[in-house]
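Reader: I would like to learn how to read a protein model. Could you take me through one, feature by feature?

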Amino acid sequence: VQGVAETSACLRLFRRLPDMSRKQQRMPVLSALPSAYFVNGDTGLKQTTEQAWDNKYLTAEEIACIVPIPEAVLADADYDIWSEVRPRIVEAFGIVIDAAILFGTNKPASWPNSIYDAASAAGHLVALGTGTDIYDDILGENGVISLIEADGFRVTGHIAAATMKAKLRVLRDANGQPIFVRSMGEATRYELDGEPMEFPANGAFDASKALMISGDFSQAVYAMRQEITYKV
């Protein structure tokens with residue numbers, strides 16, 4: 001399972017909870033926070049408040065695949081085929097998880113809406129070219145990050161398509177110097193407002209729907225039901 005978390009951009013940014021002991025697990029979350037009040041003088045009364053919890057549920061869904069290998073190929077192989085197959089299976093698990101979480105691709109019915117669909121329903125999509133440039137679309141007063149901050153959250157990361165790199169590399173400051181490219185001889189560290197950017201190399205990010213997804217990923221949690229098992 002640790003290998004799946006390393007290949008999945010979402011699981012790298014999300015917060016992992018303890019492993020689940022059954023298929024569905026209740027997770028109480030705060031739905032109302034306590035309020036404090038000033039006491040009016042020596043004879044003022046202290047007021048009561050409340051703190052409430054609502055129930056959210058984690059539902060475990062199984063991921064599986066079958067990899068047929070002809071016996072003739074297996075008999076003629078002079079290297080360990082299983083050592084080649086196993087990591088590819090782990091990568092495939094990471095792809096299907098990211099695609100389901102980000103864009104709802106083949107998402108189990110028991111899972112909540114994808115991040116893209118939820119953001120679209122909330123009106124939290126910013127079309128490219130809405131501001132004066134892509135910098136304004138992301139970091140401006142009406143940019144993507146401002147929508148998250150207006151809801152009372154702090155952006156902790158970004159997941160973007162690989163094509164987003166080219167759009168960021170061409171950004172220049174007032175003197176014509178690249179904003180992201182510090183040196184032509186070293187790898188570019190992509191960060192926005194000090195928070196890291198993930199560029200999934202597994203092909204799970206659908207660039208036809210969005211170029212980048214930003215959010216407070218500490219609010220997103222996941223848990224595992226059991227370890228990966230193999231049968232040969």
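Predicted model: local features only at pLDDT ≥ 70, side-chain atom pairs only at ≥ 80, totals over all residues.

Reader: How do I read a sheet?

Author: Start with the terms. Strands (E, at least two residues) and helices (H or I, at least four) are DSSP runs, numbered from the N terminus. Two strands pair if DSSP finds at least two bridges between them. Here, four strands make an open sheet. Their order is S5-S6-S4-S7, with mixed pairing.

Reader: Which strands stand at the edges of the sheet?

Author: Strand S5 (191-192) and strand S7 (212-215) do. Each has a single partner strand, so one side of each is left without a neighbour in the sheet.

Reader: In what sense do S4 and S7 pair?

Author: Antiparallel, over four bridges. S4 covers residues 157-160. Within this pairing, Ile159 stands opposite Ile213 of S7. S4 also pairs with S6, in the parallel sense and over two bridges. There, Ile159 faces Glu198 of S6 as its opposite residue.

Reader: How do S5 and S6 run?

Author: They run antiparallel and are joined by two bridges. Glu191 stands opposite Pro196 in S6. S5 and S6 form a hairpin, with two residues between them.

Reader: What about side chains in a strand?

Author: In a regular strand they alternate between the two faces of the sheet.

Reader: Next, salt bridges. How many are there?

Author: First the rule: a side-chain nitrogen of Lys or Arg lies within 4 Å of a carboxyl oxygen of Asp or Glu. By this rule the count is five. One of them joins the side chains of Arg12 and Glu198, at 2.6 Å from N to O. This pair links distant parts of the chain, 186 residues apart. Arg12 is in helix H2 (residues 9-13), and Glu198 is in strand S6 (residues 195-198).

Reader: Is Glu198 buried or exposed?

Author: Here is the scale: buried means under 20% relative accessible area, exposed means over 50%, and partly exposed is in between (1.4 Å probe, protein chains only). Glu198 has 18%, so Glu198 is buried. Arg12 has 37%, so Arg12 is partly exposed.

Reader: Which residue does Glu195 meet in a salt bridge?

Author: Arg154, at 3.3 Å from N to O. Arg154 counts as exposed at 53%, whereas Glu195 counts as buried at 18%. Another salt bridge joins Asp19 and Arg16, with the closest N and O atoms 2.8 Å apart. Arg16 is partly exposed, at 36%.

Reader: Last, the backbone angles. Which residue in the hairpin turn has a positive phi?

Author: Asp193, at about 55 degrees. Asp193 is not a glycine. Its place is the loop between S5 and S6. With 56% relative accessible area, Asp193 is exposed.

Reader: Where does Asn106 lie?

Author: In the loop between helix H4 (81-103) and helix H5 (115-121). Asn106 also has a positive phi of about 55 degrees, although it is not a glycine. Asn106 is exposed, at 71%.

Notes
Residues numbered from 1 in each chain as written. Heavy atoms only, no water.
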